[in-house]
Amino acid sequence: MAENENGADKSEQPTEKRLRESREKGQVARSRELNTLAILLAGCGGLLASGGSLAEALLKVMLANFSLSRDVLYSEQSMALWLLASGKLALEALAPLFVVLLIAAIAGPIALGGWLFSVESLQPKFSRLNPLEGLKRMFSVRSLVELLKALAKFLVVLLVALAVLSGDRADLLAIAQQPLELAILHSAQVVGWSALWISCGIILIAAVDVPFQLWDHRQKLMMTKQEVKDEYKDSEGKPEVKGRIRQLQREMAERRMMQAVPQADVVITNPTHFAVALKYDGDKGGAPVLVAKGGDFLALKIREIAQEHKVTVLESPALARAVFYSTELDQEIPAGLYLAVAQVLAYVYQLRQFQAGKGKRPAPLADLPIPPELRRDA
């Protein structure tokens, strides 16, 4: 199990934030063996594909430069032009191979760590100049692994090379007996196939190195429990701060709610545990809206404010519970409560007419029609 600088166990998997920050710093899993294998295989494949044209171009350059006339030899201008022509011919022959190698050099790293460009990784780090840190890296487990990989690579390449050269002994000896043109073409073919088989020996090294690099990169990013907690606090905010914010939000919502109580048409109570304030605007043509609701202490405050502003307070436990649990603030009541609330509003209107001396005292409300699905038992 990995440990950090303080000796704490890194037992937790890296978080998404840790992985993202690591990538932004240019720290991704890379395998030099995979990159080397990609370049070698691409180079060998390109050599086999364009070996004939390369051999022909080499033959032309050799024939042209080994059969110079006397005038060309004694003319500085002619020699420069001759060199330029030879270089152009060689570059045209090598261009396809260079393109293949360039693609392999780009595709090798992308295959494991993906495409990445990090400005931070380009910045100089003077901590790398510390001799003590350098000694730690020299005698670390990673350095030992690199040494073992180098030895294994040398042995594998040596054994494969010996086997390939032993198998190509007849072809190599036959080249000496062939004409120059045919010998050059044959040599390109032998070199291409020999290099390809030797490069295939690196596949074993890369097959071991790629999983190790992925595991090693993951181990470096492992986190301690305290690091996970600290990161959560940084990203989500400290619990005490979040709690204080929620408390302030509740207080602001309660103040807005209490300011809406004086504009309500009626406050329906439980009578003590719940209180809901409803307002109906006939001009808008909608259903009554819940402007305030609360339980216990908030219910008491709603009743007190309603009494101060002469808002009718009506006791109806079943309706108060139904509205409290089925309706959110500033929302219309559900359709199932239309009839019950309409009877309440009609009673309030008649009560106001009576208090103004314009009608009879309304009869007390009987049981209000509340659908079973909206009822909440005490």
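Colour the protein by pLDDT, the predictor's confidence in each residue, from 0 to 100. The average is 78, and 89% of the residues score at least 70. Confidence is lowest in helix H5 (residues 131-138), with a mean of 68, and highest in strand S2 (residues 274-279), at 89. Helices (H or I, at least four residues) and strands (E, at least two) are DSSP runs, numbered from the N terminus.

This is a predicted model, in which local features need pLDDT of at least 70 and side-chain atom pairs count only at pLDDT 80 or more, while totals for chains, interfaces and linings use all residues. Residues are numbered from 1 along each chain as its sequence is written, and side-chain values use heavy atoms, with hydrogens and water left out.

**Stop 1: helix H6**

Select residues 141-167, which form helix H6. Its 27 residues reach 39 Å from the first C-alpha to the last, close to the 39 Å expected at 1.5 Å a residue; the expected span is 1.5 Å times one less than the number of residues. Now show the side chains of Val145, Glu146, Lys149, Val156, Ala161 and Val164, the buried residues of H6. Buried means under 20% relative accessible area, exposed over 50%, and partly exposed in between (1.4 Å probe, protein chains only). These buried residues pack against helix H2 (32-65), helix H8 (180-200) and helix H9 (202-221).

**Stop 2: helix H9**

Select Gln213, which lies in helix H9. Gln213 has a relative accessible area of 4% and is therefore buried. Contact means heavy atoms within 4.5 Å; leaving out residues up to four places away in sequence, Gln213 touches Ala29, Arg30, Ser31, Arg142, Glu146 and Lys149.

**Stop 3**

Select strand S1 (266-269). Which residues of S1 are buried on each face? Val266 and Ile268 are buried on one side, and Val267 and Thr269 on the other. Two strands pair if DSSP finds at least two bridges between them. S1 and S2 pair in the antiparallel sense over four bridges, and a hairpin of four residues joins S1 to S2. The bridge partner of Ile268 in S2 is Val276. S1 also runs parallel to strand S4 (residues 312-315), joined by four bridges, and Thr269 stands opposite Glu315 in S4.

**Stop 4: the largest nonpolar core**

A nonpolar core is a set of buried Ala, Val, Leu, Ile, Met, Phe, Trp, Tyr and Cys residues joined through side-chain atoms within 4.5 Å. Select Val266, Ile268, Leu278, Leu319, Leu337 and Val344, which touch the most other members among the 25 residues of the largest core. S1, S2, helix H13 (317-326) and helix H14 (338-355) each give two or more residues to this core. The largest share, seven residues, comes from H14.

**Stop 5: aromatic pairs**

Rings of Phe, Tyr and Trp (its six-membered ring) pair if their centres lie within 6.5 Å; planes under 30 degrees apart count as stacked, over 60 as edge-to-face and the rest as tilted. The whole structure holds four aromatic pairs. Select Phe212 and Trp215: their ring centres are 6.0 Å apart and their planes are at 35°, so this pair is tilted. Finally, select Phe274 and Phe324, a tilted pair at 4.7 Å centre to centre with 55° between the planes. Phe274 lies in S2 and Phe324 in H13, so the pair ties together parts 50 residues apart in sequence.
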